[in-house]
Amino acid sequence: MAMAAPTGSAALCGHLALLLLLLLAAPAALGYSFPQQHTMQYWARRLEQEIDGVMRIFGGVQQLRGIYNENRNLFEVKENVPRKLVEKVAGDIESLLAKKVRALKRLANAAEKFQKAHHWQDNIREEDIEYYDSKADTEYVSTDDPDGEEIEREKSNSLKLEFTDDANFKTKVNYSYAAVQIPTDIYKGSTVILNELNWTQALEDVFIENRKEDPSLLWQVFGSATGVTRYYPATPWRAPNKIDLYDVRRRPWYIQGASSPKDMVIIVDVSGSVSGLTLKLMKTSVYEMLDTLSDDDYVNVASFNEKAKPVSCFKHLVQANIRNKKVFKEDVQGMVAKGTTDYKAGFEYAFDQLQNSNITRANCNKMIMMFTDGGEDRVQDVFEKYNWPNKTVRVFTFSVGQHNYDVTPLQWMACANKGYYFEIPSIGAIRINTQEYLDVLGRPMVLAGNRAKQVQWTNVYQDALGLGLVVTGTLPVFNLTEDSSDRKNQLILGVMGIDVALNDIKKLTPRYNLGANGYVFAIDLNGYVLLHPNLQPQIINFREPVTLDFLDAELEDENKEEIRRSMIDGNDGQRFIKTLIKSLDEQYIDEVFRTYTWAPIKSTNYSLGLVLPPYSTYYIQANLSDQILQVKLPNIKMKDFEYLLPNSFESEGHVFIAPREYCKDLDLSDNNTEFLENFIALMEKVTPDSKQCDNFLLHNLILDTGITQQLVERVWKDQDLNTYSLLAVFAATDGGITRVFPNKAADDWEEEPEPFNASFYRRSLDNKGYIFKPPYRDARYRGLDLENNTIGILVSTAVELSIGGKTLKPAVVGVKLDLEAWAEKFKVLASNRTDRDQLGARRCDPSSSCEMDCEANNKDLICVLIDDGGFLVLSNQEDHWYQVGKFFSEVDANLMSALYNNSFYARKESYDFQSVCAPEAQSNTGAAPRGVFVPTVADLLNLAWWTSAAAWSLFQQFLYGLTYSSWFQTEDVTADSMEARETSCIMKQTQYYFSTVNATYNAIIDCGNCSRLFHAQRLANTNLLFVVADKPLCSQCESVKLLQAEVRAPPRDPNQCELVDRPRYRKGPHICFDYNATEDTSDCGRGASFAPSLGVLLSLQLLLLYSSASRHPLPPAACL
């Protein structure tokens, strides 16, 4: 426990108490004592003066201000007017998306016209259809085969096309044709599929015409309700090296376009009759059902026997977002079968959930999905009480597994409540039967006609064909045919979609005139970001949308909550706020001021925002004509851009230029020297005012090249860096120049060549004074040999200009300290001697009466400089030197805890929802092959099971396994490669930062006989804390380490169960189609049966079991 020393005029007793503590803490018979407060304040002033002196001499802040003023005729100071910027960018994005909407509507109208004109053919044959099968030429390679032997998929009559590389699509395409993708579990030779292929072929001409009108169009896609996908331009399907599970009907954009939002309650029969394979089928069915829901939907899952109860901690409907669905999926696996069936308990629970109006929900389609193995009760009284006569809740019933129950009651329940009845006899029926309910929900949309043809824009997600992050405009396509009695068809044909790459939207937003810490962002009605510099998903997974909430992209506070709400409501506004931000390297927290400005993007469900710090209200725009570019600036011996050549580095310092798109023909390179040479070579061919170049970027780069070169001439060349123990001096600018002097120092320069992406640059702009940045070391770092390796510490500060009353910060300058030399200097400055004193002549020891200091008594005193993030910068302990850059709790946990407990540091915890982690070790319960059910002993002994469709489905999976040898692997699948390498996960981050505390502080760490005294003081005009403390005398003062390193969040952290009780504000789509009086509900489900040969199935099942067991031996628990 650390006890604080009181302050103020009424604290005399407190001072006396602390003095007594200080006296008691010193050994009784010793003459030396812990340094007094005024002594340590004197040391702190010496340190401040030394730092300030070095920065004044070598930083060149004043000189750089003068250079900018002298060259005032070469640039203008422009103003960023937030409201005008937001208005312009929102308008540009609206225009971009409007062009895509026009193409989308042409496609949807054409599709409806083509299908209406199509004549159904019962005897159609595959050879009658000409199309490009995108999977025909796909190579499936066994991951288990070291030779990578190709496995033939199946013969196809597909067209043979040639493809050419296309920069827009980042792959090979053919613009003359569209491609067709058919899910693996759909027979492409069926009559339904062949007729679908026949009429959709006419879409190719519309695809091509759309591209002629708008060459910037990316993927144009028609997703059919039959599962067929036709997309343009043609490109081979991106083959996974495991079985391809892609089905367009399960894509987020299709689900959003095919129906209005949903409130769904899933109830699962877990009575004793549900056991073994049937229960497993139910769990998997729920899992797949959840995947048909999007962020516009709400859901809850309950199990029932005699009573109903939720399977998870959620007591009411919750948003069907990724994290909530994950909780459901985990908890569904824990369902256990026991007791008797009571449908009434399950349905009453479900209706009560749907009638709860005190919670946030979709308030559109309402439905109950019941999974059961069968029963006799029709619970008509429940429907009469809750749902009739209006029938506002649809009931879908699923008969799961093989049984002899009468299914008539289940069919009646669905038909009497505008729903549908499905049978899931085997695993092969799950995917198709858990998604076909969308056709029923689409009926009111189709009957509503043009009113329901609303273009919707999706959340951000990963494109399955490699475009990266995209949003998709969707439009439903309706069946316009009529039957013999002139009744309108009520089936949805599918969804039309057009992709827009996020990068194309980003190109419309300003970047470099906003400065390093200004940015544009956009959110949707869920509050999820469409654009944001922190939107950086680390895993490519096309199966899930990228749902990063604005309040998770930034550090949440009340102001941002209100801004988010206003944006979702479609308002415009502006607010100047004080807020916390993370540094780019996520090690630090800064308290900053920002202006947020926002406005809706019309005709979309997006809203645009702009964030500007005060110093980015103005920016420099170089005004260099061709004549100026070709002549010398004052006192410069060659043209500016020639200072970028490597042959000038030895005399003028090494120059890194930011890898920006200065000109269209500029070849980018990760190697700075090569990039510079490419840049110079291009400048010899084009003028800086060329139309293929970005004049703003190029002129500012050339201006800053000359300005930083003058800094070399006026300041750096005349100074001896070694005298002050400096490894380097440097300057970085908004224009993209980073100049490091001398040239040899560039060999150890590890900062980003793009100043806007460099943590030191961005933090220097946001903080006053000198910002120290030690090299980051994690807890596992064991250090280097200092004799052969030099460690440098960056110290930087922003250059603030005031031109005509306009304040801006166009550059950052700094030095790189030699750690070892400055550690020695630090000991001297924090001591009681001058440079002329000899250490041995004035050592403070027990025989003398004096105060200890950091140099003479380094065996008794720990003296350190810690930065505002809690990282060690300098120490008087030589064994600390290799730990410079570590979080100080890793160095001295006891002392760091005392600093935190005495409010020198505050702590901020947050979560990164975009991380990737190695897959966690699987428990025995998950050892069975993924997607393959291994029968229990009871199943094997049951003759009826061997003749069931469940056994037949396992045979089907076995056939898949013969084709795709990796089918039986247990790993989780990811999007493109379907490999179990990395999975998305949540990481917990903890940062520390200075709290508002007095500049100086004394305290005692109370550990009984092992108590420690310490003194802490902030160094003025820096981000440093100077700490002097007793060395610990024994282990009794050991403390638990404060954690700073990012760690994987424990299960259920953050606690979703608590978060759903205070949901964030959101809005669903503004229009709902869940009812139409003319809807025909007579088609409400049918049964299915299949009776394969017993002998064949018995032989094949044994073969399946042998194959799966040989690949993955069952765990002991599964073998009992």
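Buried means under 20% relative accessible area, exposed means over 50%, and partly exposed is in between, with a 1.4 Å probe and protein chains only. Keep that in your heads for Lys-418, which at 9% relative accessibility counts as buried.

Quick housekeeping, then. This is a predicted model, where local features need pLDDT of at least 70, side-chain atom pairs count only at pLDDT 80 or more, and totals for chains, interfaces and linings use all residues. Residues are numbered from 1 along each chain as its sequence is written, and side-chain values use heavy atoms, with hydrogens and water left out.

Back to Lys-418. This lysine has a positive phi of about 55° although it is not a glycine, and you'll find it in the loop between α12 (408-415) and β17 (420-424). Helices here are DSSP runs of H or I with at least four residues, strands are E runs of at least two, and both are numbered from the N terminus. Now look at Lys-170, another non-glycine with positive phi, near 60°. Lys-170 sits in the loop between β6 (164-166) and β7 (171-173). Is Lys-170 buried or exposed? Exposed, at 52% relative accessibility.

While we're in loops, there are cis peptide bonds to show you. One joins Tyr-232 and Pro-233, with omega about -5°, and Pro-233 is in the loop between β10 (229-232) and α7 (252-258). Another joins Phe-741 and Pro-742, omega about 0°.

On to the cores. A nonpolar core is a set of buried Ala, Val, Leu, Ile, Met, Phe, Trp, Tyr and Cys residues joined through side-chain atoms within 4.5 Å. The largest has 114 residues, and Ile-657, Tyr-662, Phe-679, Leu-899 and Phe-1026 touch the most other members. Why does this core lie between domain 1 and domain 5? Because both domains give residues to it; the bounds come from an automatic or database domain assignment. Zoom in on Tyr-662: leaving aside neighbours within four places in sequence, its contacts (heavy atoms within 4.5 Å) include Phe-675, Gln-692, Asp-694 and Gly-735.

Last stop, a sheet. It's open, with five strands in the order β23-β22-β27-β26-β25 and antiparallel pairing, where pairing takes at least two DSSP bridges between two strands. The edge strands are β23 (529-531) and β25 (573-582), each pairing on one side only. β25 and β26 (589-601) pair over ten bridges, and Gly-573 has Trp-598 in β26 as its bridge partner.
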